[in-house]
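I opened this model to look up a few residues and their surroundings. My notes follow in the order I took them.

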Amino acid sequence: AGDFDTICVRTRYVGTIGPADVDDSRYIFYARKYGPVAIRTFSHVEAMIFYNKDTRTGYALADGARKGS
């Protein structure tokens, strides 16, 4: 997709939802003139000893307006 001069904005939520403990982080990389160009997420959800899940996902975003570049 190319190289972009970006800034990174991180959001994080740590807390509880019902009986579950949640630790969720998201990194969004923004490029001037294009908006978000990549996203990285991490989620950890744990409910006592019965449920434990980690999820890590990365996304590279594409814009149809850039076709043919």
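I started with the surface and found a nonpolar patch of about 560 Å², made by Met48, Ile49, Phe50 and Tyr51. I keep in mind that this is a predicted model.

I then looked up one member of the patch, Ile49. I located Ile49 in the loop between S3 and strand S4, which covers residues 51-60.

Next I went to His44, which I found in strand S3, residues 35-47. Is His44 buried or exposed? I noted it as buried because its relative accessibility is 19%, and the limit is under 20%.

I listed the contacts of His44, leaving aside neighbours within four places in sequence: Asp21, Val22, Asp23, Asn52, Lys53 and Asp54. Which side chain makes a polar contact with the side chain of His44? I found that of Asp54, at 2.4 Å.

I also checked His44 against Ser25: the two are 19 residues apart in sequence, and I got 9.0 Å between their C-alpha atoms.

Last, I looked at Thr41, which is also in strand S3. I recorded Thr41 as buried because its relative accessible area is 10%. Not counting residues up to four places away in sequence, I have Thr41 touching Ser25, Arg26, Thr55, Arg56 and Thr57.

How values were computed:
Residues are numbered from 1 along each chain as its sequence is written. This is a predicted model: local features need pLDDT of at least 70, side-chain atom pairs count only at pLDDT 80 or more; totals for chains, interfaces and linings use all residues. Side-chain values use heavy atoms; hydrogens and water are left out. Helices (H or I, at least four residues) and strands (E, at least two) are DSSP runs, numbered from the N terminus. Buried means under 20% relative accessible area, exposed over 50%, partly exposed in between (1.4 Å probe, protein chains only). Contact means heavy atoms within 4.5 Å. A polar contact is a pair of N or O atoms within 3.5 Å; within protein, one must be able to donate a hydrogen and the other to accept it, and residues adjacent in sequence count only if both atoms are side-chain atoms. Patches are made of residues with over 30% relative accessible area and no salt bridge: like charges are joined within 9 Å, nonpolar side chains (Val, Leu, Ile, Met, Phe, Trp, Tyr) within 5 Å. Accessible areas come from the Shrake-Rupley method with a 1.4 Å probe; for residues, only the protein chains shown count as cover. A salt bridge is a side-chain nitrogen of Lys or Arg within 4 Å of a carboxyl oxygen of Asp or Glu.
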